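Please look over the structure shown here before reading my notes.

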Amino acid sequence: LFASVQLAPKDPIFGLTEAYVADQRPDKVNLGVGVYYTDEGKVPLLKAVIKAEEAVVAKQSPRSYIPIEGPNPYNSAVQNLLFGADSALIKDGRVVTAECLGGTGALRVGADFIKRLNLNAPCAISNPTWENHRGIFESAGFEVVEYAYFDGKTRGVDFDGMVKSLESFPKNTTVLLHACCHNPTGADITEAQWRQVIDICKNKGLIPFLDMAYQGFASGIEQDGIAVRLFAQSGMSFFVSSSFSKSFSLYGERVGALSIVTQSKDESTRVLSQLKRVIRTNYSNPPTHGAAIAAAVLNSAELRKLWEDELAEMRDRIKAMRHGLVEKLAAAGVKQDFAFIEQQRGMFSYSGLTAEQVERLQKEDGIYALSTGRICVAALNTKNIDKVAKAIARVLA
Ligand code: PLP
Ligand code: TYF
């Protein structure tokens, strides 16, 4: 039965982590996987999460099945965070939200749902993008095409290229957009550019799908939600996949959501009914624990404040590391201008290091990064940053 099964390639990111774990050097550094670490190099367990979890456990709730689309308190908290508590769309019943298994699960449920609309149009992803975007949409049966995004020369967004690509797509193309903190480049478009993207989506009849995996990691909850808010004002129907993996440091609990903006309450009712069928035939209903924690935090003024403070701490530490790396590279004698690292947002930076340079970092220094040159800035800390800066300076020389 399995004689002809081929060995699949390792996931590039998880494969790298395996190599890192096997490395015996005590001062090794993993800048590969997109995970936030504290200055002590640990994945944090947030105080807000601990408090919420204590309350959830103290309740000793029975573990019955929960609704296919997840619990109401969670879904409405997600909506408030994405669209704002005073959103007219929410009031008008034009947002459908379902708890999903992380941002990944939300993307997949959304992809399966769109596929069932039989629109016969491709899905467009940014070049480059998070590795899994292509895989998810191809697995759902989409032809996946790319739109121009990153400019290797400026280390920012090639916005003209992006506009040209978007304008070339056929009607009903699903356009996957990173709502903030673009993975892998760290380069985001401006508010004015978002307005242009929205106009193109509207005029060309494209289907916007915003992927929001890092809300709060660039400037703050509200500010990082700008793309969602602008699309909400546009009158269009669109999709948002969101994740609490990073912002709550709840990676393993798989807490995410899919939100769909419709044209009316009646449409929402019909859309939700079909969405439930997609979920029912996939994993039936979502897990209880992670969503209960997130809801407990978001629906308590006290815990929400605590969480926002902790999120700000993570954000500020990343910014300090960006600043530190730029300074230390210059101090180590690097002549190239690395100021772009401070402009890029979120956990990642497209460092511009070549595959050969990345390989040398791994071999000679035990510093792990993706062969594309993506580094996770959120894995730098006050103990490893000098070593990293010196090693980068050496492989650049
Ligand atoms: N989308 C992007 C752009 C991501 O970078 C990630 C995680 O790295 C996800 C979605 C999904 O995250 P998760 O499924 O862990 O919530
Ligand atoms: O580092 C990244 O870009 C991600 C990390 O379910 C990741 O690939 C790991 C697990 C997961 C989603 C994302």
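**Notes on the model**

1. The shell around ligand 2 holds three nonpolar residues, four polar ones and no charged ones. Here Ala, Val, Leu, Ile, Met, Phe, Trp, Tyr, Cys and Pro count as nonpolar, Asp, Glu, Lys and Arg as charged, and the others, Gly among them, as polar. The residues that surround ligand 2 are Ile13, Val33, Gly34, Gly102, Thr104, Trp130 and Asn183. A residue is near a molecule if its C-beta atom, placed from the backbone, lies within 6 Å of it.

2. Some ground rules. This is a predicted model, in which local features need pLDDT of at least 70 and side-chain atom pairs count only at pLDDT 80 or more, while totals for chains, interfaces and linings use all residues. Residues are numbered from 1 along each chain as its sequence is written, and chains are lettered from A and ligands numbered from 1 in the order in which they are written.

3. Now ligand 1. It has 13 residues around it, and Gly102, Gly103, Thr104, Ser243 and Ser245 come nearest. By class, three residues of this shell are nonpolar, nine are polar and one is charged. Helix α5 (residues 102-115) supplies the largest share of the shell, three residues. Helices (H or I, at least four residues) and strands (E, at least two) are DSSP runs, numbered from the N terminus.

4. Two peptide bonds deserve a look. Most residues other than glycine have a negative phi, and most peptide bonds are trans. The bond from asparagine 127 to proline 128 is cis, with omega near 0°. Proline 128 sits in the loop between β3 (123-127) and α6 (131-139). The bond from asparagine 183 to proline 184 is also cis, with omega near 20°. Proline 184 belongs to the loop between β7 and α8 (191-204).

5. Two arginines have a positive phi. For arginine 155, phi is near 60°. This residue lies in the loop between β5 (150-151) and β6 (156-157). Is arginine 155 buried or exposed? It counts as buried because it has 21 C-beta neighbours inside 10 Å. The cut-offs are 20 or more other C-beta atoms within 10 Å for buried, 12 or fewer for exposed, and in between for partly exposed, with C-beta atoms placed from the backbone. Arginine 254 has a positive phi of about 60°, although it is not a glycine. The loop between β9 (238-243) and β10 (255-261) holds arginine 254. Arginine 254 is buried, with 21 other C-beta atoms within 10 Å.

6. Serine 247 lies in the loop between β9 and β10. It counts as buried, because 27 C-beta neighbours lie inside 10 Å. Serine 247 and serine 300 are 53 residues apart along the chain, and their C-alpha atoms are separated by 17 Å.

7. Next, a pair of helices. Helix α2 (residues 47-59) and helix α12 (residues 289-298) pack at an angle of about 110°, with axes 9 Å apart. So α2 is roughly perpendicular to α12. Axes are lines fitted to C-alpha atoms, for helices over the stretch in contact, and angles run from 0 to 180 degrees between N-to-C directions. Angles under 35 degrees count as roughly parallel, over 145 as roughly antiparallel, 65 to 115 as roughly perpendicular and the rest as oblique.

8. Look at a second pair. The axes of α8 and helix α10 (residues 226-234) come within 10 Å and cross at roughly 40°. That angle makes α8 oblique to α10.

9. Proline 170 is in the loop between α7 (159-168) and β7 (174-178). It counts as partly exposed, with 13 C-beta neighbours inside 10 Å. Phenylalanine 2 is in the segment before α1 (12-22). It is exposed, with 4 other C-beta atoms within 10 Å. The C-alpha atoms of phenylalanine 2 and glutamate 222 are separated by 51 Å.
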